[in-house]
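Have the sequence and the 3D view open as you read.

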Amino acid sequence: MPTDNKRVRGPELSQSPALFACKAAPVAPQQGPRADGRQRDQVDVRPVFVRCGLVSQAKGSAYIEAGDTKLMCCVYGPKETERKDETDMKCGRLTTDMRFAPFSCPERGSWVQGSQDKDFSLMLHESLQPALCLHKYPRSQIDVNVVVLENSGSVLAHAVTCASLALADAGIEMYDLVLGCSIRQDGGSYVADPSYAEETYCSSDGASDQGRLTVAFLPSLNQISGLQSDGEMSAETLTAGVRTCIEGCYKLYPVLQQALIKAVRKAGPPPSES
Amino acid sequence: MEECESINVCLREFGCEQSLLSRPDGSASFVQGDTSVMAGVYGPAEVKVSKEIYDRATLEVLIQPKVGLPGVRERSQEQCVRETCEASLLLSLHPRSSLTLVLQVLHDDGSLLSCLLNAACMTLLDAGLAMNCLFCGVTCAIDADGQIVTDPTAAQEKESRALMTFAMDSTDRKVLMTSTKGSFSVQEVCVFFCFLLVEVLSMCGSAGGVGHHKIKYFITVRVYRLYVFHSSTAAAVYSSESESIREDLPVLQRLSETPILQKPLTESQNFPFFAILVFYQIHTKSYRL
Amino acid sequence: MHIVCVANANLQLLSLVGPFCAKFIPVCSYRTAEPLEYHRSFLKENCRPDGRDLSEFRTTTLNIGSISTADGSALVKIGNTTIICGIKAELANPTVESPDKGYIVPNVDLPPLCSSRFRSGPPSEQAQAASQFMADIIESSEVIRAEDLCIDRGKLCWVLYCDMMCLDYDGNILDACIIALMAALKNTQLPEVTINKETSAPEVKLEKKHGLTIQKHPVGSSFSVFDDSILIVDPTAEEEILSTAQLTVVTDEEGRLCSAHKPGGTSLSGEKLQECISRATARQKEIQKLIDKVLHSVKSAE
């Protein structure tokens, strides 16, 4: 394994103490109410806390907290394209970067971006692009950076929501906000907005319809801009799942609207000429 | 509280050689005891567009350790050396260009940062880059008894409870850079500072003083060598090179009294570096022959 | 007082651009066009564009233990500058040279998120220098005795990964990093580990946790030198760029210096350095009080 020369190095090998725990960690219950008291088979999303315009250096920024999942997003641009060969004369470029803080997951992550981070970045890009009026920003680039501070499940869905809020806060022209919601299908039942334990839990009985689904949704246009599903689900379950996710998105919508209104009010009226 | 009673000012034997590499625009090696650094500078040359600064040259410093690849420690040393050089170089004379200073550690036996700084200064001088002051680095350690050891070896560094590296400039004799390790009381720094400043000014052969003095001595000898090449009084100067640090002051006086260098070179006087550098560059060719 | 300065500033510009367009140039464009002159006009009046004194720190706020996936965490804000520090503890074998010592691995990251000046990819020189600086502080101040992290001599010890991430870069990250690190270390809870005699495998009791013994409380104070002579404390990102030198002084509660770090720049006299050291000593007391207060409130809330 190549050594990382650009960081302070620790020992070559270290292991999480959880591996040596005497008692196994409590398993998420598979029936009845969920560990955090929410209901199964209902669109019972966690309450979210959203705030816009926290980062002074960024054009636009947003912070979202859903249960213990904490994410932050900053938007820089529109600015000149960094690489001249990629300059598009007619259309702007959107770049997305999503990364996990090393302390964000129960297992310590590495500073180097893994393949999962890259997958998420790509998904984020695909979900956001349809909502942006990129043709209004020719020859320029808009950077979206997301950092996951704490991962407690449904990271991608909340990242989409957070990024679209930050874009709106930056004053980038958009057709609509993009909202994200995810579910975890477990046989006949499902959990909406799953927590980390619910997301990673493996069903032992090998039942069919095991999977995760994340939907990015444009609420006022009533369109889906991004959809990711892992696992194996029948067509009916999938369509039902998508519908559930859309319902979840609508639940988030008023909260985000309020946050944006608050941010605009705080920014105050444009400075008068004097 | 520990008192710093006696300060043992003695530097290890040190030496320098310039223009020993043919490829770089300026090069030098600096040896302090067993610590040895080789340096080369390239530039002013074309700069990458991303690194271009519109009103001055971009200085890049690269430090190569003796073994392995440069890591975080080297990066922090690079930052120290770079910002010190930036303060002393007249970078605005070469806008939109690049200077690259490469420092190769040949052996580390303590006081590495100060040796890097000294090598950097000698290299910049050798390249004939315009500077508003010279600088020299001194490392000192405070050992367990509270005594200050200047220019410590690696073994002394290990035993010490605090380690400080300072860089001083030659014109104002002020602190250009400090980097410390270990904890020490405020008094100890005060003592050290007063000591350093007073000693430098009175030129009694303090750590900083000797450093400067010696660096100047090198230049003088170097220039003198160029002169004597023509005036065929080489013998005296070559013998002066083998003299120890303690005896270099008379050499300098001797040098200043020679009729070739018209003005006497006193320590309080600002050394006419530019003139010398220009002269030096002109004569490099003949010297190499 | 600083309204007067703004007026002055505008007047200077007036003379430059002629009277006809002066009405339409607001203060903010003067700031972008001539940032150095803009700052100088404030410093002349012994104040700064954000209304601070030359020796005044920005408001420092601290939040401890907000990340539940980390073993210890803290979020520090100095003005706009935000640093989050999360500590993850893992088990490893100690080195052969020092079999009774654990590891503390500090790393500072400046992601592209925190400012437009940072690119994604491997850490920049600044981030690397900051990481090394933090490692030096931990080593020289002996915040935690490395022996305390040893579980079984020569076989098992703790590794504390202290990851500091900048979320908003507005200057003076070193001070913020030190505060975040100290607060996070104080917040860290390690599970109890015993070695099974028969299998010689470690056994971790996650429900039994204990804190770390913190030996020292280093606190840093950063200064910027403006125009080779004016010292300002706690510089913002803008001030950092315009200044000619940076200096960070770290002191602990006994008034001992852990570090006086000046990576270069224009020279500074010994007296000025003295000034900085005494300001740093005062700052140390303020910050230690803040950390203790927040920790206390966190404990009483539980």
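Which residues of chain A does UniProt give the feature "domain: Exoribonuclease phosphorolytic"? The UniProt record, an unreviewed entry, places that feature at residues 45–173 of chain A; UniProt positions follow the numbering used here, feature names are shortened, and annotations may be inferred rather than shown by experiment.

This is a predicted model, in which local features need pLDDT of at least 70, side-chain atom pairs count only at pLDDT 80 or more, and totals for chains, interfaces and linings use all residues. Residues are numbered from 1 along each chain as its sequence is written, while chains are lettered from A and ligands numbered from 1 in the order in which they are written.

**Chain A as a whole**

- Chain A has four helices and 10 strands (helices are DSSP runs of H or I with at least four residues, strands are runs of E with at least two, and both are numbered from the N terminus).
- Along its principal axes, the C-alpha trace of chain A spans about 70 × 50 × 35 Å.
- Buried residues are 46% of the 274 in chain A (buried means that 20 or more other C-beta atoms, placed from the backbone, lie within 10 Å of the residue's own; exposed means 12 or fewer, and partly exposed is in between).
- Take the contacts in chain A between residues at least 6 apart in sequence: 72% of them join residues at least 24 apart (a contact means C-beta atoms, placed from the backbone, within 7 Å).

**Helix α1 of chain A**

- Helix α1 (residues 115–128) of chain A has 14 residues and should span 20 Å at 1.5 Å a residue, which agrees with its end C-alpha atoms being 20 Å apart (the expected span is 1.5 Å times one less than the number of residues).
- Which residues of α1(A) are buried? They are A:Phe120, A:Ser121, A:Met123, A:Leu124, A:Ser127 and A:Leu128.
- Seen down the axis of α1(A), these buried residues fall within an arc of 165 degrees, so they line one face of the helix (the arc is that of the directions from the helix axis to the C-beta atoms).
- An α-helix has 3.6 residues a turn, so residues three or four places apart point the same way.
- The partners that the buried residues of α1(A) pack against include β5 (93–100), β6 (140–150) and α2 (155–169) of chain A.

**Chain C and its neighbours**

- Chain C has seven helices and 12 strands, and 50% of its 302 residues count as buried.
- Where chains C and A meet, 48 residues of chain C are in contact with 36 residues of chain A.
- On that side of chain C, β3(C) gives the largest share, seven residues.
- By class, the side of chain C that touches chain A has 27 nonpolar, 13 polar and eight charged residues (Ala, Val, Leu, Ile, Met, Phe, Trp, Tyr, Cys and Pro count as nonpolar, Asp, Glu, Lys and Arg as charged, and the others, Gly among them, as polar).
- Chain C also meets chain B, with 28 residues of chain C in contact with 30 of chain B.
- There, α4(C) gives the largest share of chain C's side, nine residues.

Terms used: Contact = placed C-beta atoms within 7 Å.
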